[in-house]
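Keep the strand order in view as you read.

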Amino acid sequence: MHEELNQGLIDYLRASPTPFHATASLAQALQAAGYKPLDESETWHTEPCGRYYVTRNDSAIVAFQLGSHSVIEQGMRLVGAHTDSPCLRVKPQPELQRQGFWQLGVEVYGGALLAPWFDRDLSLAGRVTYSRDGRIESQLIDFKLPIAVIPSLAIHLNREANQGWTINPQNELPPILAQIASEDSPDFRALLADQLSREHGLVADVVLDFELSFYDTQSAAVIGLNGDFIAGARLDNLLSCYAGLQALLRAGTEETCVLVCTDHEEVGSTSMCGADGPFLEQVLRRVLPEGESFQRSINRSLMISADNAHAVHPNYSDKHDGNHGPKLNAGPVIKVNSNQRYATSSETAGFFRHLCLENEVSVQSFVTRSDMGCGSTIGPITASQLGVRTVDIGLPTFAMHSIRELAGSQDLAQLVKVLSAFYSSAELP
């Protein structure tokens, strides 16, 4: 099964260069499986055992199945992930003309590793807002072709390059799109209008605004002498989105199951479509009983927050606690932090570990070194927003936040297996 899942992940990554595309891909798969779309601005009519999904801002999604068992007595099984990844976002007025080259100014989104962005074949994708026949509309676009590059400075001109240097995002990261004559003045909005026409057959009167990101055109792939690894962009955290989707599609009909993939985790999650916003709670309040019954449902529920974990790197093993070095292809990782950077408790960790043991899935633990800082996830945010018990887990990866990350090729199937078992669990702790 793992080969089929790995190829599905590769296809999903290729179709999802931005959070907008990642959400659209999830929605397309859900609708194909019989999930019905809901519009937040309309009245909802849901039925027992019905399957539905709702998107917000085109970049976040909540999908849910209403089980045949009472949600008040049995609670919900929730899996959470995020659709965004660190990248380079195009500025509102990005056009630059320097030394006969046309470039675009960019802003760094999230905690990106910047050095790997140099010398890559880059394309551009995202959402464009435009007017047409007096109406304001939005459309996703994806150039797909390699249209830009950020060339490195030759070592002859930077003798300290291999000793490390500070990358100035303002001056050193604007990608080059074309070489132009001095009298030319390229119009970026005209380029976007042309892409709307070529990709969708739309004739825009005026391109009003855009949210666009550069991305690496190299496809994700299974690599290694024995095919041990998956290399690709945006594994953090589209890998978890895809695993959650596959588990939800395999879920039985008895329990109420929820998949939530929010945006803006890499910048704090504080937005209308982020985990530190009202999206998930507003959706749940529209489909669950009100008042005390809602709180009873939440109290009987459990959430698995799935986000990638740091695998122990053979060249940097001293960056890990000696007893907590997760390995690639050794199964999902339970993430623990006593300062609540992860929401895991002994009860939720014990339940997840029990699930893994019952389903013959290897499981690992991660605690950061005591002399190093610890990242966080949507887990603590969602737990504090809803009051739902939560365990933070994830698959081990290398090069997190790089333009190309690395995971184990055996791990995705293990994660899907245990998440599927979670969605089908008759009892929660």
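The model is a predicted one. Its 9-stranded open sheet has mixed pairing and runs in the order E1-E2-E3-E13-E4-E14-E18-E16-E17. At the edges stand strand E1 (36-37) and strand E17 (364-366). Each has a single partner strand, so one side of each is left without a neighbour in the sheet.

E1 and E2 run parallel and are joined by 2 bridges. Lysine 36 has tyrosine 52 in E2 as its bridge partner.

Now move to strand E14 (residues 302-306). How many of the residues of E14 are buried? The count is 5 of the 5, so E14 is largely enclosed by the rest of the structure. Buried here means under 20% relative accessible area. Both faces of the strand are covered. Leu302, Ile304 and Ala306 are buried on one side. Met303 and Ser305 are buried on the other.

E14 also has its pairing partners. Strand E4 (residues 76-82) pairs with E14 in the parallel sense, over 4 bridges. Strand E18 (residues 389-394) runs parallel to E14 as well, joined to it by 5 bridges.

Next comes a helix, H7 (residues 279-287). Which residues of H7 are buried? They are Phe279, Leu280, Val283, Leu284 and Val287. Seen down the axis of H7, these buried residues fall within an arc of 120°, so they line one face of the helix. An α-helix has 3.6 residues a turn, so residues three or four places apart point the same way.

What covers that buried face of H7? The cover includes strands of the sheet, among them strand E2 (51-56), strand E3 (60-65), E4 and strand E13 (256-262). Helix H8 (292-299) and helix H10 (378-386) also contribute.

**The five-stranded sheet**

A second open sheet has 5 strands, in the order E11-E12-E20-E19-E15, again with mixed pairing. Strand E11 (221-223) and strand E15 (309-310) are its edge strands, and each pairs on one side only. E15 pairs with strand E19 (residues 396-398) in the parallel sense over 2 bridges. There, alanine 309 stands opposite proline 396 in E19.

Helix H6 (residues 235-249) packs on this sheet. H6 touches strand E12 (229-232) and strand E20 (405-408). The direction of H6 makes about 40° with that of E20.

Technical notes
Residues numbered from 1 in each chain as written. Predicted model: local features only at pLDDT ≥ 70, side-chain atom pairs only at ≥ 80, totals over all residues. Heavy atoms only, no water. Pairing = 2+ DSSP bridges. Contact = heavy atoms within 4.5 Å. Axes fitted to C-alpha atoms, helices over the stretch in contact; angles between N-to-C directions. Buried < 20%, exposed > 50% of the residue type's maximum accessible area, 1.4 Å probe, protein only. Arc of directions from axis to C-beta.
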